[in-house]
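The sequence and the model are shown first.

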Amino acid sequence: MTADSHTTARQSKSPHISDTHTPTSFAPNRSLRQYLGLTARGFAMGCADIVPGVSGGTMAFILGIYEELVMSIRAGARRPFWHALLRLNLPAALDAVNARFLLAVLAGIAIAVLTLASWLEWVLEHHPVLIWSFFFGLVFASIVTVRKRIQTWNAALFAALAAGAVGAYFVVGAVPVQTPETPWFLFLSGMIAICALILPGISGAFILVLLGKYQFVLAAVNQRDIASLAIVGAGAVVGIVTFAQILAWLFKRYHDATIAVLIGLMAGSLRKIWPWKETVAAIIDRHGEILPTVQRNHLPPALTAEVYLALGLAVAGFAVVILLDRLSAPK
């Protein structure tokens with residue numbers, strides 16, 4: 001097979017990764033029921049984003065909306081959007097960024113964050129093993145299903161996967177730091193953490209933990225601290241639009257290698273979401289909260305009722321992803 005035929009085959013798998021296509025040219029016309037389905041997917045992404053260690057990008061991958069999400073966000077910095085906006089042609093500007101798709105997904109994320117932040121905070125504090133087990137099953141199954149997006153594996157792709165896995169393994173093992181709560185650092189935190197929304201394997205919530213801002217942002221959500229959330233949100237907008245340009249470029253030119261790295265990121269992140277951990281070292285932050293700095297994964301000490309329930313939840317998480325993958329497969 002020639003290089004040109006390889007290129008043709010690659011483009012046939014992902015016809016929408018192209019500079020000549022706007023998001024609306026690859027997004028299907030959707031019914032109200034389908035948009036509600038997108039909101040449900042956004043809700044799942046929001047649930048994942050709240051938990052430090054689980055990536056909303058991973059959920060987007062699992063639910064089959066990842067590349068459309070990247071390309072739609074990317075369009076916010078492209079010429080068609082700004083040309084229409086400067087001409088005050090709002091309908092054309094909204095079409096250029098696939099706004100109905102984005103609004104449906106973002107609505108689901110917002111609903112999850114606003115309604116489940118307090119509950120997930122409580123579960124993480126009182127039953128961490130159970131929630132980590134479910135998410136471990138989700139992420140592990142996503143590795144199994146996403147690998148099928150690459151039709152032919154070779155040594156270079158396995159090397160890319162290994163690089164992603166090693167990188168994520170060390171990132172999720174990094175020690176959290178204490179940082180200022182000034183507006184510039186909140187803006188920077190939002191800018192960095194939001195990249196994980198479209199980066200499977202690296203959790204935006206965990207990035208906030210590393211930056212020392214997870215508890216601050218979670219408290220701001222629960223207390224409706226609009227000013228702080230606005231600063232973090234402004235940084236998030238700048239960060240996600242900028243990072244989407246890079247991801248879209250990689251998808252267009254190095255599709256399979258990019259997918260391999262993303263699979264590696266998910267595999268490496270399993271270190272963080274392993275359910276059974278022992279805290280080796282911790283610090284007390286400025287709010288008086290105990291913050292683990294070094295944790296060691298271990299096997300459950302005994303087969304208790306909680307262990308059986310945790311294993312059941314891990315299997316349930318795995319089964320959910322496999323079922324979603326089969327339902328989304330072309331008939």
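The protein is built from 16 helices and two strands, where helices (H or I, at least four residues) and strands (E, at least two) are DSSP runs numbered from the N terminus. The model is predicted, so local features need pLDDT of at least 70 and side-chain atom pairs count only at pLDDT 80 or more, whereas totals for chains, interfaces and linings use all residues. Residues are numbered from 1 along each chain as its sequence is written, and side-chain values use heavy atoms, with hydrogens and water left out.

Of the 331 residues in the protein, 46% are buried, that is, under 20% relative accessible area with a 1.4 Å probe, counting protein chains only. The exposed surface comes to about 16700 Å², of which carbon and sulfur atoms supply 68%; such areas come from the Shrake-Rupley method with a 1.4 Å probe. Among contacts (heavy atoms within 4.5 Å) with a separation of 6 or more, 79% join residues 24 or more positions apart.

Two helix pairs are set out below. Axes are lines fitted to C-alpha atoms over the stretch in contact, and angles run from 0 to 180 degrees between N-to-C directions.

| Helix pair | Crossing angle | Axis distance |
|---|---|---|
| H9 (residues 128–146) and H15 (residues 255–273) | roughly 160° | within 10 Å |
| H11 (residues 183–193) and H14 (residues 226–253) | about 45° | 6 Å |

H9 and H15 are therefore roughly antiparallel to each other, a term for angles over 145 degrees. Their crossing is left-handed, meaning that the near helix is turned anticlockwise from the far one by less than a right angle. H9 contributes residues including Trp132, Phe135, Phe136 and Phe140 to the contact, and H15 contributes residues including Ile259, Met266 and Leu270. By class, the contact of H9 with H15 has 13 nonpolar, two polar and no charged residues; Ala, Val, Leu, Ile, Met, Phe, Trp, Tyr, Cys and Pro count as nonpolar, Asp, Glu, Lys and Arg as charged, and the others, Gly among them, as polar.

The angle between H11 and H14 makes H11 oblique to H14, the class left once angles under 35, over 145 and from 65 to 115 degrees are set aside. The crossing of H11 and H14 is right-handed, with the near helix turned clockwise. Pro183, Leu186, Phe187, Gly190 and Met191 of H11 meet residues of H14 including Ser228, Ile231 and Gly235. The contact of H11 with H14 divides into nine nonpolar, four polar and no charged residues.

H11 also holds Ser189, which counts as buried because its relative accessibility is 2%. Leaving aside residues up to four places away in sequence, Ser189 touches Leu208, Leu211 and Lys213.

Methods
Buried means under 20% relative accessible area, exposed over 50%, partly exposed in between (1.4 Å probe, protein chains only).
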